[in-house]
Every structure is written in structure tokens, then in C-alpha cells.
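Q: Hi! Could you walk me through this model? I have the sequence and coordinates open.

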Amino acid sequence: MANVTIDNVVKRYGAAEIMHGVNVDIDDGEFVVLVGPSGCGKSTLLRMIAGLEEISSGQIRIGGRVVNDVPPKERDIAMVFQSYALYPHKTVAENMGFPLKMAKRPQAEIDSKVGKAAQILDLSHLLKRYPKQLSGGQRQRVAMGRAIVRDPQVFLFDEPLSNLDAKLRVTMRVEIKELHQRLKTTIIYVTHDQIEAMTMADKIVVMRDGRVEQIGAPLDLYDRPQNVFVAGFIGSPAMNFIHGRIQSQGAALQFVAESGLVLPVPPGSAEEGRAVIYGIRPEDIEIGPGGIPVRVAVIEPMGAETQVFAKVGNDMIDAIVRQRIAARPGDELPFRIDVSKVHLFDRATEKRI
């Protein structure tokens with residue numbers, strides 16, 4: 001096991017700079033997820049940690065050792081890719097033991113490590129099968145087993161679940177998290193799926209356009225996003241955003257949208273007249289007496305919950321409620337906002353107030 005330090009790392013392709021001084025500290029044994037939209041630089045950063053991409057400037061340290069010029073095979077890392085990259089003519093056991101065979105390890109050692117990894121991943125009964133005889137989830141476990149037998153200091157996962165169906169992704173998320181709890185090895189995991197990030201990570205690194213937007217525990221990012229981008233990216237469904245200003249009504253302050261919609265704000269949250277972006281998560285809205293009248297646009301029953309899209313003027317507000325709603329599009333409902341869960345962001349900088 002080892003800690004990983006990414007210190008002011010820059011990546012350029014010719015004159016184009018795509019990574020702009022990234023800094024991330026990853027503790028020994030920590031499960032860290034790099035998350036962000038396509039093109040944000042998360043996979044490039046992972047490949048630089050692995051040694052598959054050169055660093056233009058800055059340092060990457062693994063276990064305290066600077067690895068900028070260290071070849072990938074000498075970094076004591078193991079990588080699991082989006083594609084399983086299994087040899088079709090080799091059995092499960094041969095695929096898993098291949099890195100040790102290439103390292104010219106004794107066959108007894110290979111058999112022992114493959115057996116242990118297979119037991120951890122529930123692959124013992126599949127060791128004599130070939131990849132074509134396996135399901136997608138089983139193939140992904142074989143790819144993970146091939147990494148485990150190397151007993152690396154750091155595991156790197158590059159969107160390993162993106163080729164799986166939705167149900168299998170949930171199962172594999174649990175299996176990878178259990179694997180981490182068992183091995184207690186440092187894991188750096190790349191995904192564009194914020195649900196994966198929230199459910200698996202000890203720490204999340206949110207990236208955009210080659211920069212780190214925020215680093216923190218999953219619930220810290222959910223409860224106190226530092227800017228509009230993080231607020232909109234973390235959480236599903238996404239946070240509602242409405243543009244407007246803070247105005248006074250007697251001794252109290254309120255938010256007035258450009259459409260004229262009036263919404264409550266926490267006391268002392270912003271000064272009068274300030275242009276803000278008002279954020280409220282769909283799950284922090286209820287339907288009940290005293291709420292703001294809204295016009296139903298779409299209702300999506302989801303079983304235990306109901307998703308309601310409603311319009312107030314030009315603003316669309318999304319709510320997730322526990323009730324089963326009998327309303328139809330065009331009906332009026334009262335949306336009651338939990339004022340303690342309101343997020344306010346400066347309109348000019350988009351940073352949290």
C-alpha cells in the first residue's frame with residue numbers, strides 16, 4: 001500500500017495545455033474517485049499516474065517516490081481498463097496468472113496467488129473456462145483478478161463498469177467496494193457516473209476542463225458544493241437552479257426570480273440586492289399546504305417515489321416526492337421548499353455564498 005501525491009501537474013500537447021496545475025493528495029489505503037464530464041482530464045490524469053502519459057511539469061509521487069521518469073512496470077501499480085483485455089485463447093487461470101508468468105515467477109507461486117485471488121472474487125469454479133464462456137461481470141472480475149495477483153501498492157480503475165448493464169453495474173459497485181475493504185489497498189477510480197462516485201468513494205475529486213473543482217467526502221460535496229458546477233454534477237436528479245436577486249420583505253429577505261417567482265431563503269444568507277443563483281435539490285421539495293403554487297408539466301412514477309416537473313412562469317422545477325400523485329399535466333400543486341436546504345451562489349462567479 002502507498003499514498004499518492006499529485007503536485008501541480010500540467011499536461012500539454014504542443015502549445016495546448018489541457019491539465020492546469022492539478023493538486024491531489026491520496027492517503028494510504030484510500031478509495032478516491034476522479035469524476036467529471038467527458039473531456040475533463042480524469043482519464044488523462046490516471047494515465048499519467050500509471051506512466052502511460054508523460055507529465056509536462058509537476059510531480060507524481062507514489063509511496064513518497066517521484067515516479068515522473070519511472071517506467072509503468074516499475075511503479076508497482078495495477079490497472080483495470082474499461083475493456084477487459086483478456087486473451088481469448090487462455091483460460092481464466094492463465095489470464096489471471098499472466099503478469100506473474102511474464103515476471104518469470106515460479107509456477108507454484110502463480111498457482112497460489114491465482115487461487116487466492118479467485119477465492120476473493122468468487123472465480124474458483126471458473127478457472128478452467130475461457131473468456132467467451134463468461135458473462136460481462138465475470139470477465140470484469142477476471143480483469144480485476146489479474147490486477148490483484150500482482151499485489152500492487154496502488155490499483156487504478158479506468159471506467160471499468162461502463163460496458164455493463166445497469167443491474168450488473170450495481171452488483172459490481174458493491175463487489176469492488178467489498179474488495180477494497182478486504183485488501184485495504186489504495187484505489188484511484190475514474191468514472192463519469194456521479195452515482196458510482198457517491199456510493200464507492202472515501203474521497204471524490206470533481207474535475208472540469210483539466211482543473212480540480214472540489215475535493216471532499218461524498219456527503220460534503222452533496223451538502224456544501226463550492227460552486228454551481230459541483231452542485232449540478234453531484235446529486236441525481238440534478239439540483240434546480242433559478243436566477244434572480246435577494247430582496248427584502250419587511251424585516252425578512254426573500255429570493256425573487258427573473259420570472260417573478262418568490263422563494264424563501266435562510267436568514268442572513270445574502271445581502272439585499274445581490275444577484276444570485278438559487279439552488280434547491282429535487283429531494284428537498286415536498287407537496288403540502290402553504291407551498292408555492294406550480295403548474296404540473298410531467299409526472300414520472302418511479303415506484304417508491306414520484307418525480308414531478310412543474311413550471312412557474314419560465315422556470316422549470318423538478319421535485320422528488322414520496323407521495324403517489326394523482327395530478328395530471330396542467331394541474332396545480334403546492335411545492336413546499338425546505339429553506340434549510342437552500343443553496344445560494346453568486347451570479348457573477350458562480351461560487352457558493
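Predicted model: local features only at pLDDT ≥ 70, side-chain atom pairs only at ≥ 80, totals over all residues.

Q: Good. How much space lies in that largest pocket?
A: About 390 Å³. A pocket here is an open set of points on a 1 Å grid over the protein atoms alone, where a 1.4 Å probe fits, with protein on both sides within 12 Å along at least five of seven lines; lining residues have an atom within 4 Å of a point. The volume is the space filled by probe spheres set on the points, and grid points are joined across faces, edges and corners.

Q: And which residues are closest to its centre?
A: Ile77, Ala78, Met79, Phe81 and Arg150, out of the 14 residues that line the largest pocket. The elements giving two or more residues to this lining are β6 (77-80) and α4 (136-148). Helices (H or I, at least four residues) and strands (E, at least two) are DSSP runs, numbered from the N terminus.

Q: Now that α4 has come up, how do the axes of α2 and α4 cross?
A: The axes of α2 (residues 92-102) and α4 come within 7 Å and cross at roughly 35°. Axes are lines fitted to C-alpha atoms, for helices over the stretch in contact, and angles run from 0 to 180 degrees between N-to-C directions. The crossing is right-handed, meaning that the near helix is turned clockwise from the far one by less than a right angle.

Q: Which residues make the contact?
A: From α2, Val92, Asn95, Met96 and Pro99; from α4, Val142, Gly145 and Arg146. Contact means heavy atoms within 4.5 Å. By class, these residues divide into four nonpolar, two polar and one charged.

Q: Changing topic: what is the strand order in the open sheet of four strands?
A: The order is β2-β1-β4-β5, with antiparallel pairing. Two strands pair if DSSP finds at least two bridges between them. The edge strands are β2 (16-26) and β5, each pairing on one side only. Helix α1 (residues 42-50) packs on this sheet, touching β1, β2 and β4, and its direction makes about 115° with that of β1.

Q: How many bridges are there between β1 and β2?
A: Seven, in the antiparallel sense. Valine 4 stands opposite isoleucine 26 in β2, and lysine 11 has methionine 19 of β2 as its bridge partner. The β1 and β2 hairpin has two residues between the strands, and its glycine 14 takes a positive phi near 65°.

Q: What about β1 and β4?
A: β1 (residues 4-13) and β4 (residues 57-62) pair in the antiparallel sense over five bridges. Threonine 5 stands opposite arginine 61 in β4, while isoleucine 6 has isoleucine 60 as its partner there.

Q: Which phi value does asparagine 8 have?
A: Near 50°, a positive value in a residue other than glycine. Asparagine 8 is found in strand β1.

Q: One more sheet: what order does the five-stranded one have?
A: That open sheet runs β13-β12-β11-β14-β19, with antiparallel pairing. Its edge strands are β13 (262-264) and β19 (343-346). On average, neighbouring strands are turned by 45° against each other, direction ignored. Six bridges join β11 (residues 240-249) to β12 (residues 252-257), and serine 248 stands opposite leucine 253 in β12.

Q: Last one: where is the cis peptide bond?
A: It joins serine 236 and proline 237, with omega about 0°. Proline 237 lies in the loop between α8 (228-233) and β11.

Definitions and conventions. Residues numbered from 1 in each chain as written. Heavy atoms only, no water. Nonpolar A, V, L, I, M, F, W, Y, C, P; charged D, E, K, R; others polar.
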